[in-house]
Structures are given as C-alpha cells and as structure tokens.
Amino acid sequence: MTKDTDLFPPETLQELKYLIAKRRIVFPDSLERVAREIMDRPELMAFESAAAIARHCGVSQTTVHRLAQHIGFRTLRDFRAMIKDHIRETAAKQSLYQGHSGG
C-alpha cells in the first residue's frame, strides 16, 4: 500500500492524527493496536521502552519498531522524538495558559 509518508514522516502528533483520519495511513491489526494506544497516551511512547510498550499492547517489540517505520520514520527513536516534542509543546502551552489565567 502506498503511503504519503514514504518520504516524509509527520512532523507533529496532530499531523499524524490527520493522516490517519484521512486514511492516508492505514494500519494492519497489530500495528493499529499500538497506534491507538499511542494516540490515547503519547507519554507511553515518550517514556517507556519498546519492550514495555509491546507488553502493554500485547504485541512483540518488533511490532512497535515496525509501527514507527510504517508511519514513515526511519527509527523508533525518531518517532519517539516527535512524540516528546508534542508533550513538551503541550506542557508549555498549559503552563502559559495557567500563568495568564491567574493574573
């Protein structure tokens, strides 16, 4: 199956969600299970090992690595970096909003 992400992985979690919603990325069953968990709980990808993610999702570590490649990332580390950026940006926005609302 051809994917738009063959050359360019998504830069943000929002972009990844958009590509999934538009069915530009379609997952086989085991990859979908992991993808759903990560969409629901991105901190899982950011802070857990591939082995822990695999155990949590009931799949093999290889499946977790394949998910990153299926999305268009060269490595799981690259996918993890994008997720960590998302978490940092979300935390910064929340901190900014809390700082302005207390004034």
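Predicted model: local features only at pLDDT ≥ 70, side-chain atom pairs only at ≥ 80, totals over all residues.

**Entry 1: Threonine 63**

I began with threonine 63 and, leaving aside its neighbours within four places in sequence, I found it in contact with Ser30, Leu31 and Val34. Threonine 63 sits in helix H5. Is threonine 63 buried or exposed? I looked up its relative accessible area, which is 6%, so threonine 63 is buried; the cut-off for buried is under 20%.

**Entry 2: The overall plan**

Next I stepped back to see the whole chain. I counted 6 helices and 0 strands in the secondary structure. Read from the N terminus on, the elements go α-α-α-α-α-α. The protein has 103 residues, and 36% of them are buried. I also looked at contacts between residues at least 6 apart in sequence, and 60% of these join residues at least 24 apart. The protein exposes about 6700 Å², with 49% of that supplied by carbon and sulfur atoms.

**Entry 3: H2 against H4**

I picked a pair of helices to compare. Two packed helices are described by the angle between their axes and the distance between the axes. How do helix H2 and helix H4 cross? The axes of H2 (residues 29–40) and H4 (residues 50–57) come within 10 Å and cross at roughly 105°. Angles of 65 to 115 degrees count as roughly perpendicular, and H2 and H4 are therefore roughly perpendicular to each other.

I then asked which residues meet there. H2 brings Arg33, Val34 and Glu37, and H4 brings Ile53, His56 and Cys57. Sorted by class, this contact has 3 nonpolar, 1 polar and 2 charged residues. I noted the buried residues in H4 too: Ala50, Ala52, Ile53, Ala54 and Cys57. Just after H4 comes glycine 58, with a positive phi of about 70°.

**Entry 4: The nonpolar core**

In soluble globular proteins, nonpolar side chains tend to be buried together. I went looking for that here. Which residues touch the most other members of the largest nonpolar core? They are Leu67 and Phe79, in a core of 27 residues. H1 (13–21), H2, H3 (42–47), H4, H5 (61–71) and H6 (76–101) each give two or more residues to this core. H2 provides the largest share, 5 residues.

Leaving aside its neighbours within four places in sequence, phenylalanine 79 is in contact with Leu16, Ile38, Met45, Leu67, Ala68, Ile71 and Phe73.

**Entry 5: Isoleucine 83**

Isoleucine 83 is in helix H6. Its relative accessibility is 0%, so isoleucine 83 counts as buried.

**Entry 6: Arginine 23**

Most residues other than glycine have a negative phi. That is what made me stop at arginine 23, which is not a glycine but has a positive phi of about 60°. Where is arginine 23 found? It is in the loop between H1 and H2. With a relative accessible area of 60%, arginine 23 is exposed.

Conventions
Residues numbered from 1 in each chain as written. Heavy atoms only, no water. Axes fitted to C-alpha atoms, helices over the stretch in contact; angles between N-to-C directions. Helix = DSSP H or I, 4+ residues; strand = E, 2+ residues; numbered from the N terminus. Parallel < 35°, antiparallel > 145°, perpendicular 65-115°, else oblique. Contact = heavy atoms within 4.5 Å. Nonpolar A, V, L, I, M, F, W, Y, C, P; charged D, E, K, R; others polar. Core = buried A, V, L, I, M, F, W, Y, C linked by side-chain atoms within 4.5 Å. Buried < 20%, exposed > 50% of the residue type's maximum accessible area, 1.4 Å probe, protein only. Areas by Shrake-Rupley, 256 points an atom, 1.4 Å probe, with all protein chains shown as cover.
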